[in-house]
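Dear colleague,

I am passing on the structure that follows, and would be glad if you could look through it alongside the notes below.

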Amino acid sequence: MPIALEAWLFAVALGTSMLGGVLGMASGIFIVPILTMFGGLDIHTAIGASLISVIACSCGSAAPFLRERLTNIRLAILLETATTSGALCGVFLAGLIPTPYLFVIFALILLLSAQQMLGRRKESLVPLGAGTGRWAALRLDSSYPQRSPDREVHYRVQRLPLGMTLMYGAGLISALLGIGSGVLKIPAMDTALRLPIKVSSATSNFMIGVTAAASAAAYFARGEVITGVAAPIALGSVVGSILGARILMSVPNEKLRLMFVGILLILAVQMMLAAFGINLIGHTP
Amino acid sequence: MKAEAALSLELEQLLGKLLRYGTFVASAVIALGMAIFPIARAAGTRAATAGIVLFILLPVLRIGAMLVFFLRTRDYRFGAIAALVMLIIFTSFLVGAAES
């Protein structure tokens, strides 16, 4: 592996993981398009490396969330049965779906991310006492400490079956495209389960690593995690996610958000063109 | 309920430590592999690959820690759920191995 390529991969991972951390998204959504379209890598190799990056970012940034007691561990493990089942299904499909279709699906997910970034996440907290309490036996309801005013915020988990179904889809897309699928997990948690925003971000981050591990295990066994590519990507991701967590303290402003909507749109258009380029020219980019 | 809150805090701290040290060890092994690669190609690649495997194993270890915790607190329902997640991840690996 030439040093220049290693350095480039490290830089890509560092930059995307840092931005991912600041924006609250996983790095994979940027890594796969960049590696395939600018690096000329095979999409399966890019996905394999991206999954390692997603795990590294998730593990590297989980500790502060846990320390703040924002992560709902019981809910996370229950939802992980759905995300890993979805990942298992996605692993099957990834081998069957032709590359141009993967590019198209990826472009659609990029568009969805752009749309989500434009809209604001709304707090849809249901006051305690509401809801059916049908899942009381699972003891999923929890609370988290709030700083100012200093108090414990209690919340109740809603519409679990819908949440589980959406999580299955998120796991499937994660395995298929090598992304963390935060773009699908966050709305599932915000709107279906009705979790407080901080709790859903922390719990989603915690789950992303496990989902990606289920996919990465299959890609690794298939020989699609290339060490020369994945090693610099993993290191860059760890450094980037640590730096990103520091910057996260200052909330991203409006301009930064719009800039990223722009980047996501450009990547979406490029991915879409690449899909059709393959059909016309007949070779993998 | 008080005891349960303390136990849950203990689990959160344990998982936090596991992920932090695990990330550090896996990164160090990869960095070592990349550093010795120019001198000894085979050994360098093997070390870097081992670091990548460690990264894939980290979330699995995390589930393992949760499994032990649930069993220790006699929460067999969630113990079974944790075991199921581990089983699905293992199945995924087998599916990949069968296809290669």
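**A helix pair in chain A**

In this predicted model, helix α6 (residues 160-177) and helix α7 (residues 182-192) of chain A have axes that come within 9 Å and cross at roughly 175°. That angle makes α6(A) roughly antiparallel to α7(A), because angles over 145 degrees count as such. From α6(A), the residues A:L162, A:G163, A:L166, A:M167, A:G169, A:A170 and A:I173 meet A:L184, A:K185, A:A188 and A:A192 of α7(A). Sorted by class, the residues of this contact are eight nonpolar, two polar and one charged.

One residue of that pair deserves a separate word, namely A:L166, which sits in helix α6 of chain A. A:L166 counts as buried because it has 23 C-beta neighbours inside 10 Å, where 20 or more are required. Apart from neighbours within four places in sequence, A:L166 is in contact with A:L184, A:A188 and A:A192. A:I233 lies 67 residues from A:L166 in sequence, and the two are 29 Å apart in space, C-alpha to C-alpha.

**The nonpolar core**

The largest nonpolar core has 120 residues, of which A:I52, A:I55, A:A216, A:A234 and B:I52 touch the most other members. Helix α3 (residues 43-67) of chain A gives the most to this core, with 15 residues. As for A:A234, if residues up to four places away in sequence are not counted, it touches A:I52, A:S53 and A:A56 in chain A, and B:I30, B:I52 and B:F55 in chain B.

**Where the chains meet**

The contact between the chains takes 43 residues from chain A and 40 residues from chain B. On the side of chain B that touches chain A, the elements that give two or more residues are α1 (2-36), α2 (41-72) and α3 (76-99) of chain B, and the largest share, 14 residues, comes from α3(B). By class, that side of chain B has 25 nonpolar, twelve polar and three charged residues.

**Confidence**

Chain A has a mean pLDDT of 80, with 83% of its residues reaching 70 or more. Within chain A, confidence is highest in helix α4 (residues 73-96), at a mean of 91, and lowest in strand β1 (residues 142-146), at 71. I would also draw your attention to residues 278-285 of chain A, over which pLDDT stays under 50 and for which the model has twelve contacts beyond four places in sequence.

With best wishes

Note on methods
Residues numbered from 1 in each chain as written. Chains lettered and ligands numbered in written order. Predicted model: local features only at pLDDT ≥ 70, side-chain atom pairs only at ≥ 80, totals over all residues. Contact = placed C-beta atoms within 7 Å. Helix = DSSP H or I, 4+ residues; strand = E, 2+ residues; numbered from the N terminus. Nonpolar A, V, L, I, M, F, W, Y, C, P; charged D, E, K, R; others polar. Buried ≥ 20, exposed ≤ 12 C-beta atoms within 10 Å, placed from the backbone. Axes fitted to C-alpha atoms, helices over the stretch in contact; angles between N-to-C directions. Parallel < 35°, antiparallel > 145°, perpendicular 65-115°, else oblique. pLDDT = per-residue confidence, 0-100. Core = buried A, V, L, I, M, F, W, Y, C linked by C-beta atoms within 7 Å.
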